[in-house]
Amino acid sequence: MFKPLKLGYVLILLLFLGSIAILYQVQLTKLSDKLQELEENQKQNEAFTHREKPLLEEKDLILLYNRVPKTGSTSFVGVAYDLCKKNKFNVLHVNISANSHTITLENQLKFIHNVTNWKSRKPALYHGHFAFFDFSKYGAPKPLFINLIRKPLDRFISYYYFVRYGDNFRPYLVRKKHGNTMTFDECVAKQLSECDPNNMWLQIPFFCGHSANCWKPGNKWALNEAKKNLANNYFLVGVTEELEDFIQILELSLPRFFKGATEYFQSSNKSHLRQTVQKDLPAKETMDKIKSSTVWQMENEFYEFALDQFHFVKRFINKNKGQNVMYEKIRPKI
């Protein structure tokens, strides 16, 4: 027969067992904390290792220039074609049937697949007259979009005379209005369709994209969408009137493509590669009439928005030449 333990012994035994349990729990907690710390350090090491690598290797860089007609795009692309062999990149022209500015869903997918997977043609600059579309919408990595825009009335008048007289780039090519010598002033006075201000609605749609509202002249949503895309989805948008500055910023920002571009542009004949053969300046009355239209006012608002952004980039670059970005006070220490 076992003798019952005295109450004092029982209490001592319970205290002893409780102390062991507490010590065990403390050690278990310390071990758990140590494991968690090791896991966090490993994740940070992986993160830092990843940061040391560029987001996109230079050999895989893709620029996409969805060029707006009559904005000096031929002059700019001419520089790229002349530099591509020396700087070891590819330039590819995207030609769309019937000069359409929009691309079907099927062809958007095909184009994205080609651009993303055509490794033998990387790095590359793709260019063509088509509206913006978002690669990420289809689950693909975004290229770097660039573009140029022009004062809307200047671009409109240039196109009006271009289809009549052609340009010095291909003087032998007969344009669709060849032989029609009506001036822009006369056209506006007669209120003909080809000089209707609604035909200026082009730069906004090119930045707005492939939504139906983008192509409705005077649509406020389209203007806002174009501004948003310019600010969020374009690497750089320049203006025709400051083409040399546009090239200079690209050379500073993307030397992989544009090393030597500024000097080449200044010393070659690329600055005015495509000039309309004949162009009559409109009368003030004609200009005032066009500028009273909603479409001109919205296109001009978009141009001014782009100009402000471009000037901001220029000022910032000039003010911060030689700027470096460094990582300091990294914690925890590894």
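Two residues are taken to be in contact when heavy atoms of each lie within 4.5 Å. In this predicted model, 75% of the contacts between residues at least 6 apart in sequence join residues at least 24 apart. The chain contains 12 helices and 5 strands. Of its 334 residues, 39% are buried. The accessible surface of the chain amounts to about 20800 Å², and carbon and sulfur atoms account for 55% of that area.

The interior was examined next. In soluble globular proteins, nonpolar side chains tend to be buried together. The largest nonpolar core of the model comprises 78 residues, and Phe76 and Phe207 have the most contacts inside it. Helix H12 supplies the largest share of this core, with 8 residues. When neighbours within four places in sequence are set aside, the contacts of Phe76 are with Tyr65, Ile146, Leu148, Leu243, Phe246, Ile247, Leu250 and Phe258.

Phe16, Leu17 and Ile20 make a nonpolar surface patch of about 300 Å². Leu17 belongs to helix H1, which spans residues 7-51. With a relative accessible area of 47%, Leu17 is partly exposed, because that class lies between the limits of 20% for buried and 50% for exposed residues.

The cysteines were then considered. A disulfide is a covalent bond between the sulfur atoms of two cysteines. A search of the whole structure finds 2 disulfides. When the bonded cysteines of the chain are numbered in sequence order, the pairing reads 1-2, 3-4. Cys187 is buried, at 0% relative accessibility, and Cys195 is buried at 3%. The other disulfide joins Cys208 to Cys214, with 2.0 Å from S to S. Since the torsion about the S-S bond of Cys208 and Cys214 is about -65°, this disulfide is left-handed. Both Cys208 and Cys214 are buried. Cys84 has a relative accessible area of 16% and likewise counts as buried, because the limit for a buried residue is under 20%.

Backbone geometry was the final subject. Most residues other than glycine have a negative phi, and most peptide bonds are trans. The peptide bond from Lys122 to Pro123 is cis, with omega near -10°. Pro123 is situated in the loop between helix H3 (105-117) and strand S3 (124-128). A cis peptide bond also joins Arg331 and Pro332, where omega is about -5°. Pro332 is placed in the segment after helix H12 (294-319).

Positive phi values occur in residues other than glycine. Gln191 has a phi near 55° and is located in the loop between helix H5 (184-189) and helix H6 (203-208). At 63% relative accessibility, Gln191 is classed as exposed. Lys329, which is not a glycine, has a positive phi of about 50°. The position of Lys329 is in the segment after H12, and its relative accessible area of 76% makes Lys329 an exposed residue.

Terms used. Residues numbered from 1 in each chain as written. Predicted model: local features only at pLDDT ≥ 70, side-chain atom pairs only at ≥ 80, totals over all residues. Heavy atoms only, no water. Helix = DSSP H or I, 4+ residues; strand = E, 2+ residues; numbered from the N terminus. Buried < 20%, exposed > 50% of the residue type's maximum accessible area, 1.4 Å probe, protein only. Patch = residues over 30% accessible without salt bridge, like charges linked within 9 Å, V, L, I, M, F, W, Y side chains within 5 Å. Areas by Shrake-Rupley, 256 points an atom, 1.4 Å probe, with all protein chains shown as cover. Salt bridge = Lys/Arg side-chain N within 4 Å of Asp/Glu carboxyl O. Core = buried A, V, L, I, M, F, W, Y, C linked by side-chain atoms within 4.5 Å. Disulfide = S-S within 2.5 Å.
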